[in-house]
Amino acid sequence: MTVFCFLWTPLFYLFWRSLHDESALTGGTWALFVGTIVAFFRFFLGSFVNPGGFGFSRFVSACIDVVALPAALPFIVCIVFSALRIVSAQANFANYAFLWLIPVAAVRALGWSAQRDPILLIGVPVLWTAIVAGMGFFIRYIQNGWGWVVIPAILGTAILPLTAAAAYWALFAHYTLAGLVLLILCTVPMGISLVQAFLENRR
């Protein structure tokens, strides 16, 4: 499970880039550098929220410490970098986020290895992937400004990380069916994005 947590993100990123054949992302080195700094900072600092048991504090911890914010933070930084013209405003933000998460996943794998918890070592990397690919899918529509689609895309960008955190909380609290349903919902935008990329590459 530790190996899965360590390798899933870089391997999925390579698969993602094989379908999305854009030119190399300007600022990719920054993504790895800043992601590494953040990963080690979080490792030594510990959790921001005391997760407690199975209640609301556990969900807040999932949002801030475990699932939602770790995957969404690179998008926030990439938006700031695009405003500063470090990366292009039309860049593929998902590529940036995947590169950012490679050192994050490696450091978290080391920190979580002793717990041997499949939810952390397998479920969380998959949820990170779903958040990054899904937010990248929605942001593509926002960037292109495709009329009425922009509003649901903005809502999707905001709701997806919270849904992923809820999936983690449900699985942790042993609401297995609800957790699996939420997990599947989280992967829908990612699945659509992958299918779209595959079809576009066949043209």
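Asp65 is located in helix 3 of this predicted model; helices here are DSSP runs of H or I with at least four residues, numbered from the N terminus. At a relative accessibility of 3%, Asp65 is classed as buried, a term that denotes under 20% relative accessible area, with exposed denoting over 50% and partly exposed the range in between (1.4 Å probe, protein chains only). The side chain of Asp65 forms a polar contact with the side chain of Arg42 at 3.1 Å. A polar contact is a pair of N or O atoms within 3.5 Å; within protein, one must be able to donate a hydrogen and the other to accept it, and residues adjacent in sequence count only if both atoms are side-chain atoms. The Asp65 side chain also reaches the backbone nitrogen of Phe48, at 3.0 Å. With neighbours within four places in sequence set aside, the residues in contact with Asp65 are Arg42, Ser47, Phe48, Val49, Pro70 and Arg108, where contact means heavy atoms within 4.5 Å.

Residues are numbered from 1 along each chain as its sequence is written. Local features need pLDDT of at least 70 and side-chain atom pairs count only at pLDDT 80 or more, whereas totals for chains, interfaces and linings use all residues; side-chain values use heavy atoms, with hydrogens and water left out.

The largest nonpolar core comprises 59 residues. Such a core is a set of buried Ala, Val, Leu, Ile, Met, Phe, Trp, Tyr and Cys residues joined through side-chain atoms within 4.5 Å. Val67, Phe98, Trp112, Val124, Trp128, Val132 and Tyr168 have the most contacts inside this core. Among the elements that give two or more residues to the core are helix 1 (2-19), helix 5 (93-112), helix 6 (118-144) and helix 7 (150-172); helix 6 gives the most, with 15 residues. Beyond its neighbours within four places in sequence, Val124 is in contact with Val66, Val67, Trp112, Ile119 and Tyr168.

Helix 5 is mostly covered, 17 of its 20 residues being buried. From first to last C-alpha, helix 5 reaches 27 Å, close to the 28 Å expected at 1.5 Å a residue; the expected span is 1.5 Å times one less than the number of residues. A bend of about 30° occurs in helix 5 at Leu101, and Pro103 follows within four residues. The bend is the angle between axes fitted to the seven residues ending at a residue and the seven starting there. Leu101 is itself buried, with a relative accessible area of 1%. Not counting residues up to four places away in sequence, Leu101 touches Thr9, Pro70, Ala71, Trp128 and Val132.

Helix 7 likewise bends by about 30°, at Ile159, with Pro161 following within four residues. The end C-alpha atoms of helix 7 are 34 Å apart, in agreement with the 33 Å that its 23 residues should span.

Most residues other than glycine have a negative phi. Phi of His174, in contrast, is positive, near 70°; this residue lies in the loop between helix 7 and helix 8 and is exposed, at 62% relative accessible area. Arg116 also has a positive phi, near 50°, and is placed in the loop between helix 5 and helix 6, where Arg116 is exposed at 65% relative accessibility.

A search of the whole structure finds zero disulfides, a disulfide being a pair of cysteine sulfur atoms within 2.5 Å. The sulfur of Cys186 is too far from its closest cysteine sulfur, in Cys63, for a bond, because the separation is 11 Å. Cys186 is buried at 1% relative accessible area, and Cys78 is buried at 0%.
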